[in-house]
Amino acid sequence: MKEPAGKGVDRPTDLPDTMDVLIVGAGPAGIIQAAQLSRYPGISTRIIDSRPGRLEVGRADGLWARSSETFQAYGFFDRINAEAHRLVDVHFWGPDPEDPSRIMRGVRAEDPPSGVSEFPFLIVNQARVIDYFAEYAERGPARITPDYGYEFLELEVDESQEHPVKVLLRDPQGRERTVRAKYVIGNDGARSRVRDCTDIEVEKDPSAHAWAVMDVLAETDFPDIRQKCGILSDKHGSILLIPREGGFLFRFYVSLGDIDDSNREQLRATTVEEAAERANQILHPYSIDVKEVTWFSVYEVRHTVAKKFDDVPVDRVGSQDPRVFIAGDACHTHSAKAGQGMNVSMQDGWNLAWKLGQVLEGRSDPSLLATYSAERQQIAENLIAFDKEWSSMMSKRPEELDDPQDVGRFYADNAEFPNGFATQYPASSIVGQDTHQHLAAGFPIGKRFHSAPVRRVADTSPRELGHLFEADGRWRLYAFADQDGSAVRELSEWLEGSEDSPVRRFTPQGTDLNSVFDAKVIYQQPYTEIELADVPSLFLPKVGPYALTDREEVFAADQDADIFDLRQVDRSGALVIQRPDMYVAHVLPLSAREEITEFFAQNMVVPAT
């Protein structure tokens with residue numbers, strides 16, 4: 001990853017008495033919050049965790065393509081990819097129609113499907129994911145590292161104070177300690193104490209299903225042992241198979257059936273031997289000979305979702321700004337079958353962290369923070385609905401399905417959802433209306449920015465446009481040029497020179513032109529026909545202490561894979577605005593002026609001089 005700009009800040013060794021943001025929990029949601037907020041050296045952020053030290057072995061390990069995109073934005077995708085097990089397909093097995101006692105391979109599906117993302121599905125231990133984000137946070141300008149051994153006890157909010165949230169902790173020596181923060185985020189799991197200290201209600205599904213999960217080294221004749229598989233037998237239940245890193249280890253999720261008070265004790269007492277025997281029954285005519293079990297657990301799936309993700313009562317939304325937030329498992333719990341826990345938690349954390357950064361830096365009004373719960377709570381609802389249907393299908397007996405292969409077809413037809421790409425945020429202060437969506441149909445407003453190949457003009461090198469995004473808190477302005485370049489030139493001159501331009505209004509005096517808005521231009525012509533001397537100065541900003549020209553913001557369409565065709569960008573040109581968390585905020589014509597001014601006036605404030 002890149003070294004951070006500047007020398008960073010001196011970080012107090014001991015947990016201070018006051019801070020801007022206190023992050024409770026250093027799991028996936030919390031650590032990405034720390035990583036994002038590390039880009040704001042003027043903000044005091046601390047992250048605590050009750051564990052005595054870093055997580056050494058995590059249980060979550062499936063990372064969908066959207067998470068891989070996120071790793072790219074934080075600069076460590078190549079490194080984590082090198083140590084991961086990479087999955088390309090998912091295979092579904094069901095009863096053989098001619099002999100239902102035997103399973104046979106049915107639907108094979110690309111995972112993710114072609115065209116959805118150029119990034120893969122990875123298998124990497126959760127502890128390693130946390131390590132990479134922790135490294136990023138430690139190297140960021142704010143130099144954030146976890147404070148281990150601190151247990152959260154309770155909190156209360158008093159708006160009369162400069163740091164309104166009073167937090168009671170127990171320190172590593174067992175002593176109680178009080179600190180104050182402007183904002184607190186609870187990433188402290190399904191039994192969240194932070195959530196319990198607010199009036200946030202949780203909806204719980206009364207039904208539950210039991211599964212045995214085990215990581216094993218085994219000898220087997222099952223042909224797809226190194227593939228992700230959903231396996232449904234005729235009479236003995238189902239298995240979700242996940243190969244692990246290293247070439248030999250794999251994970252079995254073995255269905256044990258519905259669980260309630262009448263059988264909970266019995267199912268929870270399931271032994272490794274009983275789970276392995278059931279796995280062999282499901283796999284018939286194939287078998288596994290378990291040599292070693294590195295981890296085994298029996299758990300029950302119960303769907304829960306918080307009604308809000310912050311401490312503002314429903315009847316006061318819009319009139320009160322939040323001070324306390326929850327993320328990850330504190331907001332939603334579900335099965336591991338769709339592999340969404342760690343993936344969705346990271347997106348929760350990122351969504352909130354950049355907004356806190358904008359508010360505390362003075363770039364946005366505190367009302368921006370209400371969009372976190374508004375956006376992510378609906379995503380959690382959608383996740384629970386998908387997971388209920390998917391878990392139900394994985395738990396059904398063949399006779400309960402019209403066709404046993406319906407399981408595979410359902411997964412293939414809905415693959416965009418588990419891969420993390422079905423998220424589409426509705427219109428708000430940070431998501432525009434779709435009035436001009438037709439100008440760039442391949443960049444749906446409210447969905448993540450879908451990369452495509454381009455050629456960088458300065459060095460003629462091929463690049464993926466979306467891969468150039470950095471999680472640095474800046475907005476992106478992608479100007480897709482018109483055919484003769486006149487409209488994009490007029491737009492750039494307005495953005496750079498007009499008092500109504502967000503670039504002029506919201507970029508602090510004395511900072512680089514691209515410190516808040518990173519503007520890039522993409523021409524339709526081959527790179528050989530573009531002269532940098534003719535490119536508007538907005539796209540050749542002077543940066544750094546020596547005001548050196550940045551020549552890496554000018555691109556041309558790749559003539560073998562034209563981004564204008566791939567992403568259905570109108571040849572009259574378009575402006576695509578991207579949020580600091582990679583989501584498309586707006587699509588506007590190059591002639592837009594008032595619409596640009598009005599959009600950013602909704603979500604940004606003029607910096608103090």
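Because the model is predicted, local features need pLDDT of at least 70 and side-chain atom pairs count only at pLDDT 80 or more, while totals for chains, interfaces and linings use all residues. Residues are numbered from 1 along each chain as its sequence is written, and side-chain values use heavy atoms, with hydrogens and water left out.

**Domains**

| Domain | Residues |
|---|---|
| domain 1 | 6-57 + 125-201 + 307-399 |
| domain 2 | 88-123 + 208-302 |
| domain 3 | 437-602 |

Five residues from domain 2 and five residues from domain 3 make the contact (heavy atoms within 4.5 Å). The area buried between domain 2 and domain 3 is about 320 Å², and carbon and sulfur atoms give 42% of that; buried area here is the accessible area (1.4 Å probe) that two parts lose on being put together, summed over both.

On the polar side, domain 2 and domain 3 share four residue pairs in polar contact, both residues at pLDDT 80 or more. A polar contact is a pair of N or O atoms within 3.5 Å; within protein, one must be able to donate a hydrogen and the other to accept it, and residues adjacent in sequence count only if both atoms are side-chain atoms. Salt bridges across this interface number zero (a side-chain nitrogen of Lys or Arg within 4 Å of a carboxyl oxygen of Asp or Glu).

**Salt bridges**

By that rule the count comes to 41 salt bridges. One of them joins E69 and R448, with the closest N and O atoms 2.9 Å apart. This pair links distant parts of the chain, 379 residues apart: E69 sits in helix α2 (residues 65-73), R448 in the loop between α10 (406-413) and β21 (453-456). Helices (H or I, at least four residues) and strands (E, at least two) are DSSP runs, numbered from the N terminus.

Three strands make an open antiparallel sheet in the order β3-β7-β4, where pairing takes at least two DSSP bridges between strands. β3 (62-63) and β4 (85-87) are at the edges with a single partner strand each, so one side of each has no neighbour in the sheet. β4 pairs with β7 (residues 121-123) over three bridges, and H85 stands opposite I123 in β7.

The H284 to P285 peptide bond is cis, with omega near 15°; P285 is in the loop between α7 (272-283) and β17 (288-301). Q568 has a positive phi of about 50° although it is not a glycine.

Terms used:
Domain bounds come from an automatic or database domain assignment.
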